[in-house]
Every structure is written in C-alpha cells, then in structure tokens.
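Biologist: I am new to this structure and would like to learn how to read it. Please show it to me, and then we can go through some features.

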Amino acid sequence: MIGAALTESFAHKLTQALKAHSISRTRLAADKGVDNSVVARWASGATRPSAHNLAALSAAVARMRPGFSALDWDRDLEDLARRLGVETGPQVANAAAGLSLALLERARAATALRGRTYEGFYRSTRPYPRVPGRYVHDEVRVRLSGGLLSLRMFTGGVPVDGWVLPLGAQLFVVGDEMTSGSLVFAVLHGVAGRSVRVLDGLTLFSSLDVGRTLTATPMILTWTGELSDDPVADDIRLAQLGRGDPVAPEGSVSEEIRRHLDRDIGGDWVLSLPLALSMARGE
C-alpha cells in the first residue's frame with residue numbers, strides 16, 4: 001500500500017513538472033524513446049520509472065530548470081512546485097485565465113457564493129459509445145482552488161484536469177485530457193441547495209478511436225463523498241478509484257438511470273460525427 005501511494009505521489013509530481021514546462025506526454029515519450037503508454041502509466045500512477053528512466057527524466061527537466069536532479073523528486077508537491085518555478089496557493093487559479101473567457105469574473109463571483117456546494121468526490125455514469133446498452137463510470141474530484149472550482153477525473157487510469165465554472169443555473173466544465181492532447185467539455189444542471197447528491201447534463205469529447213470521433217452523450221454525476229483537508233491524499237485516493245475498468249458491469253446500472261441516459265438518435269446509441277461522414281473541406 002505504501003509503494004502504491006509513493007507511485008501515485010510521483011505521478012502528481014511528474015504531471016506538475018510537465019505542466020510547468022508545457023511538455024506533452026507525447027513529446028516526453030518521443031524525447032525519451034519510450035512508448036506513449038509508458039509515460040501514461042507513469043503519469044496515472046500505475047507504475048514508477050526505473051532508476052535509468054528517472055535519471056533521464058531528471059536530465060530533461062534540468063535542461064529547463066538548471067540544477068534539477070533526481071533527488072528533487074523526493075520533495076513534497078508544494079516544495080517541488082517552488083523548485084520548478086510554479087506559483088502555489090490562490091495564484092494557481094490564474095491558469096484558468098488562459099481560457100480567455102469574458103465571463104470568467106462572473107464565474108469567480110458565483111464560485112465565491114456556491115463553490116463549496118459542489119466540492120467532493122463524484123462517480124459519473126454515461127453511455128459507452130462503442131457498445132450500445134453498456135455504460136462507463138468516471139471518478140471525479142471537485143475542489144475549490146484559488147477562487148475557482150478545479151476538477152480532476154480518471155477514466156480507466158487516464159486523467160483529465162480542468163475547471164468547473166458556475167454561470168447562471170448551470171455548470172460549464174472544460175478539461176484537458178493530456179494523454180491524447182484533447183479537450184473534454186460538459187454542461188451540467190446546477191442545484192439550488194447547500195449540498196449536491198446528483199448532477200446531470202451533457203458531455204462532448206473525442207472518442208479514443210482511430211478517427212477521434214466527435215461524440216456527445218448525456219451523463220449523471222452522483223456525489224460519493226467529502227474531501228479531506230489533504231489535497232494530495234484526496235488525489236491519490238481518486239487515482240486509486242479511477243484505476244480499474246471504467247465499463248460498468250452488466251446489470252449494475254439501475255433502470256431509472258438507464259431510462260434517463262438512453263436516447264434513440266435516429267437509431268444511433270449516442271450522437272456522434274465520424275470523420276468519414278464529415279463535410280469539412282478545404283480548397
């Protein structure tokens with residue numbers, strides 16, 4: 001159990017280092033001469049780099065952060081952030097300013113009023129695009145961070161990091177799926193009370209098939225627990241929850257939820273636009 005926690009702790013540190021220097025996992029894999037899946041396993045907490053690969057990773061960071069060594073990976077997350085030149089505390093939320101949204105200040109004001117309502121762990125249920133009649137679960141964490149709601153999600157070990165922006169009666173979600181370098185979007189119905197038990201809405205993403213098919217599905221988010229006072233421990237717990245097979249066992253999704261999620265879109269299970277059917281053209 002201790003070894004697993006150390007592996008997941010390293011995963012957070014690696015993700016922090018990549019973000020600090022705007023390095024994608026794909027680029028890191030190419031630079032180190034390893035398969036993309038290897039870097040994905042490091043970043044998801046499934047495995048930890050060997051001594052040889054850790055030395056190579058440290059050398060890669062040292063090229064942008066002189067003096068960085070393998071010993072720096074033993075620092076805690078906050079200390080490592082300072083070593084990498086990353087701002088911590090309330091300024092972390094400035095990263096969301098990169099979205100360049102005109103309504104960002106309204107989202108901050110709404111978050112100040114209602115943000116704590118949405119903090120916690122959630123499990124999503126949504127249709128599995130590839131297999132009609134089956135469903136997928138994502139494990140989700142929402143936490144106040146520097147005046148905004150940060151989101152972290154795992155689906156079968158694949159992480160997504162993003163923000164939840166309350167605007168009006170809805171929640172607008174944008175996430176960065178770093179393994180494939182694409183974005184994930186959702187619009188959810190908010191709640192008026194002081195606590196959440198269930199949220200629902202629509203999500204839009206690129207499926208992980210060869211053509212990266214544009215796909216939209218309904219989804220339900222069920223609140224599963226409170227956060228602790230330790231953000232690192234919470235994210236380690238989230239990674240553990242999101243490590244397994246995300247496809248729900250047959251018969252495990254209730255009839256009520258199936259009725260809410262199932263759609264007949266011209267005979268299709270979900271709304272999608274495969275590349276083969278796209279009308280996008282150049283000259």
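**Reading the model**

Modeller: Among the elements of the protein, the lowest mean pLDDT, 68, belongs to helix α1 (residues 2–20), and the highest, 97, to β1. This pLDDT is the predictor's confidence in each residue, from 0 to 100. Helices (H or I, at least four residues) and strands (E, at least two) are DSSP runs, numbered from the N terminus. The model is predicted: local features need pLDDT of at least 70, side-chain atom pairs count only at pLDDT 80 or more, and totals for chains, interfaces and linings use all residues. Residues are numbered from 1 along each chain as its sequence is written, and side-chain values use heavy atoms, with hydrogens and water left out.

Biologist: What does the protein average in pLDDT, and where is the pLDDT below 50?

Modeller: The average is 84, and 90% of the residues score at least 70. The pLDDT is below 50 over residues 1–5, a stretch with two contacts (heavy atoms within 4.5 Å) beyond near neighbours in sequence. Residues 88–95 also have a pLDDT below 50, and there the model has 13 such contacts.

Biologist: Which residues of α4 are buried?

Modeller: Buried means under 20% relative accessible area, exposed over 50%, and partly exposed in between (1.4 Å probe, protein chains only). In α4, the buried residues are Asn53, Leu54, Leu57, Ser58, Ala60 and Val61. They cover an arc of only 160 degrees around the axis, so they lie on the same side of α4; the arc is that of the directions from the helix axis to the C-beta atoms. Ala51 and His52, on the other side of α4, are exposed.

Biologist: How many salt bridges does the structure hold?

Modeller: Side chains of opposite charge can pair when their charged atoms come close. A salt bridge is a side-chain nitrogen of Lys or Arg within 4 Å of a carboxyl oxygen of Asp or Glu. The structure holds 11 of them.

Biologist: Which residue forms a salt bridge with arginine 143, and where does the partner sit?

Modeller: The partner is aspartate 234, with the closest N and O atoms 2.2 Å apart. This pair links distant parts of the chain, 91 residues apart: arginine 143 is in strand β3 and aspartate 234 in helix α7 (residues 231–241). Both arginine 143 and aspartate 234 are buried.

Biologist: Is arginine 126 buried or exposed?

Modeller: Arginine 126 is buried, as is aspartate 138. These two form a salt bridge, their closest N and O atoms being 2.8 Å apart.
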